Amino acid sequence: MGKTSDLTAVQKTIIDTLHKEGKTQKVIAKEAGCSQSSVSKHINRQAKGWKKCGRKKCTSSRDNRTLQRIVTTNPFKNVGEIHKEWTAAGVSASRTTTRRLMKDMGFRCRIPCVKPLLNKKQRKKRLAWAKDKKDWTDAEWSKVMFSDESKFCISFGNQEPRVWRKSGEAQNPRCMRSSVKFPPSVMVWGAMSSAGVGPLCFLRSRVNAAVYQEVLEHFMLPAADQLYGDADFTFQQDLAPAHSAKTTSTWFKDHGIPVLDWPANSPDLNPIENLWGIVKRRMQYARPNNAEELKTTIRATWALITPEQCHRLIESMPRRITAVIEAKGAPTKY
């Protein structure tokens, strides 16, 4: 960070602009995301009229604009595909140059955020729901029991272990890792409130209305006793077919349990989704060998969730609703 050569073209532009506006080097460094010494060296270099030495650039400003347009139009292409399209436009540059210029333009390769796909009607309903609930207090949200299902796999993304080995040991069984095409997984149902979490249910089959009602009978009701005692509460569930079935609605009516109306495709509004994320992050370095070991790991990790964590997530409901209103029903960062 201390070298001016580390600065990208975007950072240099920010420094030059803010310096002309009379901003201090401390403020400029904060805005540009670099060290104050880098700002000072760049400003001094510009003041003394120093020019960067080295080989002449092989691309023109027009070539660079073409590259930026390609990346902006097709952000999911890899460097090889972008380089091929750029050179097909008549530019003579190496793949390394392509990658470097993309970095200078401020582009970084990142895992894309995943958000639910919402149509116009669903956005309208989400917005109406959020406006209806915008005045709910933390006390009202604490009376809601949130529920959801989540899938857990033995393999968690790219968090695979590395191995120390010598040359020629690549095929040594001691240095190899077993893999399967379809890794074992389990589907889990859980519930939470501001008071903590309820017992988990591991689903063995496809969840239809009958199976879901058994889950409610044997796991949701005990969770309600554990979290609320004799106090009244409202149950939250998404609009999965098993949840919205007529027989399920009848089950809730027979048991006298009110169900919170819920907009479709709205995992960003459900705090238990964040709780599943916490559990999976804590398990990312676990190495269960089979489904039973995976279940044991999930139970142990779920048991570590504290009431304080749940309370903080429930307290985020007003902020989630405000975000939906500001986004006019579109998916939010939550």
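**The largest nonpolar core**

In this predicted model, the largest nonpolar core has 32 residues, and the ones touching the most other members are Trp 129, Trp 141, Phe 152, Met 192, Leu 275 and Ile 298. Several elements give two or more residues to this core: helix 7 (120-133), strand 1 (144-153), strand 2 (185-193), helix 12 (271-282), helix 13 (291-303), helix 14 (307-315) and helix 15 (317-326). Helix 12 gives the most, with five residues.

Apart from its neighbours within four places in sequence, Leu 275 is in contact with Met 192, Val 197, Trp 302, Ile 305, Cys 310 and Leu 313. Met 192, one of these partners, is also among the residues that touch the most other core members.

There is a second, separate core as well, made of 19 residues, including Trp 189, Leu 203, Tyr 212 and Phe 235. As background, nonpolar side chains tend to be buried together in soluble globular proteins.

For another view of packing, turn to helix 4 (residues 61-73) and helix 5 (residues 79-88), whose axes come within 10 Å and cross at roughly 135°. The two helices, helix 4 and helix 5, are therefore oblique to each other, and their crossing is right-handed. Helix 4 brings Asp 63, Asn 64, Thr 66, Leu 67, Ile 70 and Val 71 to the contact, while helix 5 brings Ile 82, Glu 85 and Trp 86. By type, the residues of this contact are five nonpolar, two polar and two charged.

Key: Residues numbered from 1 in each chain as written. Predicted model: local features only at pLDDT ≥ 70, side-chain atom pairs only at ≥ 80, totals over all residues. Heavy atoms only, no water. Core = buried A, V, L, I, M, F, W, Y, C linked by side-chain atoms within 4.5 Å. Buried < 20%, exposed > 50% of the residue type's maximum accessible area, 1.4 Å probe, protein only. Helix = DSSP H or I, 4+ residues; strand = E, 2+ residues; numbered from the N terminus. Contact = heavy atoms within 4.5 Å. Axes fitted to C-alpha atoms, helices over the stretch in contact; angles between N-to-C directions. Parallel < 35°, antiparallel > 145°, perpendicular 65-115°, else oblique. Left-handed = near helix turned anticlockwise from the far one by under 90°. Nonpolar A, V, L, I, M, F, W, Y, C, P; charged D, E, K, R; others polar.
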